[in-house]
Amino acid sequence: MDMQLLDTVLAERREPSFRAAQVWAWAARGAGSYAEMTDLPSALRETLAERVPLSCLDLDREALAADGTEKALFSTHDGRPLEAVLMRFNDGRRSVCLSSQSGCPLTCTFCATGTMKFARNLTASEILDQALHFTRKEPLDHAVFMGMGEPLLNLDSVLAACERLPDLGIHPSSTTISTVGWIPGIDRLAEHEGPTVRLALSLHAPDDALRSELMPVNDRFPLHDVLDACRRWHERRRRKVFVEYLMLAGVNDRYEQALALARLLSPRNVFKVNLIPYNPTDSDFEGSGREAIEVFRAALEERGVPATVRLTRGRDIDAACGQLAARG
Ligand code: SAH
């Protein structure tokens, strides 16, 4: 819901100042229409229904994967595409994967989003509307900024959205912002006054040469500087930094590379590695096999680096990490 438009319409009607909060509380609890907002005067409900659409996003398509993962393809009012994904886990967790931009200006070679045209940053309302779409189906408890875009290039809107996510039942400690390693953004997250959300770093390579090849942004923000920024964040926030490491066969999955990664990630209490099975896109990469991933994980653990393997969700509907390219 466009919160600014809501404020404008309420102000025009000289409504009492608590009305905006009332409307938001209903939306955050999953209301699907103004008619449900029974503590608002009925004339106001009618005006709002005419003038303030419940969502700023149009839903273009939905897809349901065999594992229960659901993808929604939206467009903004100016026709920009974006996607959001609801992951349903067996332990009951309901996690929404949010986009922060339509497309992405970075050009990571393995990621489908990087191949589509970058359109623009999303507003806080457009980010929240992705979550509200799924809240209308069932209560959510986790959010990850791992959809389209680089959240630290749109940090004001991302933080504004994070401030309202608790009203949907998503606590800051259950909210994760994932970054390619945009240092000014990491530093801002360390310093800002708001609640601590979790930080994930897409690392993907244990040396600068390979990382720059996979992620051109590494030329601007090299590995060691990025890891130092993460250490500063940890110093301030006292939470572990999740390191995401995509497993690409024959590229970054060798035993020596696991050892190099373990050497990089010191001190031991700062980082936790999440190994990511590669999800097919149109790129030339192939994912590492299960066994190679397990050997890599064991090598990290032996050297005292905690490492887990990410559960892959929604591959059959192109909803998995790196597959979001608004193909529908
Ligand atoms: N720009 C941010 C947010 C997007 S997160 C970031 O890069 O962190 C998307 C996550 O999915 C990142 O860790 C990204 O590296 C990973 N990813 C991209 N393409 C993938 C693919 N094809 N298979 C699995 N993970 C992928």
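**Note on the predicted model: backbone geometry, domain contact and charged pairs**

1. Arg238 counts as exposed, since its relative accessibility is 55% and the exposed class begins over 50%. The structure is a predicted model, and the remarks below should be read as remarks on that model. Arg238 is also of interest for its backbone: its phi is positive, about 60°, although the residue is not a glycine. Its place is the loop that joins α8 (223–237) to β10 (241–247).

2. His204, which is not a glycine, has a positive phi near 70°. This residue sits in the loop between β9 (198–202) and α7 (208–214). Is His204 buried or exposed? With a relative accessibility of 4%, His204 counts as buried, because the limit for that class is under 20%. Arg238, by contrast, counts as exposed.

3. The model also contains a cis peptide bond, which runs from Ser266 to Pro267 and has an omega near -10°. Pro267 belongs to the loop between α9 (255–264) and β11 (271–277).

4. The domain assignment divides the protein into domain 1, residues 1–54, and domain 2, residues 60–317. Between the C-alpha centres of domain 1 and domain 2 the distance is 34 Å. On the side of domain 1, eleven residues are in contact with domain 2, where nine residues take part.

5. How much area is buried between domain 1 and domain 2? The value is about 840 Å², and carbon and sulfur atoms give 55% of it. Three residues, Met1, Trp24 and Ala28, account for 55% of the area that domain 1 buries against domain 2, which is more than any other three residues supply. Helix α2 (residues 19–28) gives the largest share of the side of domain 1 that touches domain 2, namely three residues. Sorted by class, that side of domain 1 has seven nonpolar residues, two polar residues and two charged residues.

6. Over the whole structure, a search finds 24 salt bridges. One of them joins Glu62 to Lys137, with the closest N and O atoms 2.5 Å apart. Glu62 is in strand β1 (residues 58–64) and Lys137 is in the loop between α4 (124–135) and β7 (142–145), so this pair ties together parts that are 75 residues apart in sequence. Glu62 is partly exposed, at a relative accessible area of 37%, and Lys137 is partly exposed as well, at 38%. Both residues belong to a network of salt bridges that links Glu62, Glu70, Arg88, Arg94, Lys137 and Glu138.

7. The side chains of Glu83 and Lys71 form another salt bridge, at 3.0 Å from N to O. Glu83 lies in strand β3 (residues 81–88) and Lys71 in strand β2 (residues 70–75); the two are twelve residues apart, and the pair links distant parts of the chain. Glu83 and Lys71 are both buried.

8. A further salt bridge is found between the side chains of Glu301 and Arg297, where the N to O distance is 3.5 Å. In this case both residues are in helix α10 (residues 290–302), and their separation of four residues is about one turn of the helix. Glu301 counts as partly exposed at 36% relative accessibility, and Arg297 is partly exposed with a relative accessible area of 22%.

9. Which side chain does the side chain of Asn279 meet in a polar contact? The partner is Arg315, at 2.6 Å. When neighbours within four places in sequence are left aside, Asn279 is in contact with Thr312, Arg315, Ala320, Cys321 and Gln323.

Key: Residues are numbered from 1 along each chain as its sequence is written. This is a predicted model: local features need pLDDT of at least 70, side-chain atom pairs count only at pLDDT 80 or more; totals for chains, interfaces and linings use all residues. Side-chain values use heavy atoms; hydrogens and water are left out. Domain bounds come from an automatic or database domain assignment. Contact means heavy atoms within 4.5 Å. Buried area is the accessible area (1.4 Å probe) that two parts lose on being put together, summed over both. Ala, Val, Leu, Ile, Met, Phe, Trp, Tyr, Cys and Pro count as nonpolar, Asp, Glu, Lys and Arg as charged, and the others, Gly among them, as polar. Buried means under 20% relative accessible area, exposed over 50%, partly exposed in between (1.4 Å probe, protein chains only). A salt bridge is a side-chain nitrogen of Lys or Arg within 4 Å of a carboxyl oxygen of Asp or Glu. A polar contact is a pair of N or O atoms within 3.5 Å; within protein, one must be able to donate a hydrogen and the other to accept it, and residues adjacent in sequence count only if both atoms are side-chain atoms.
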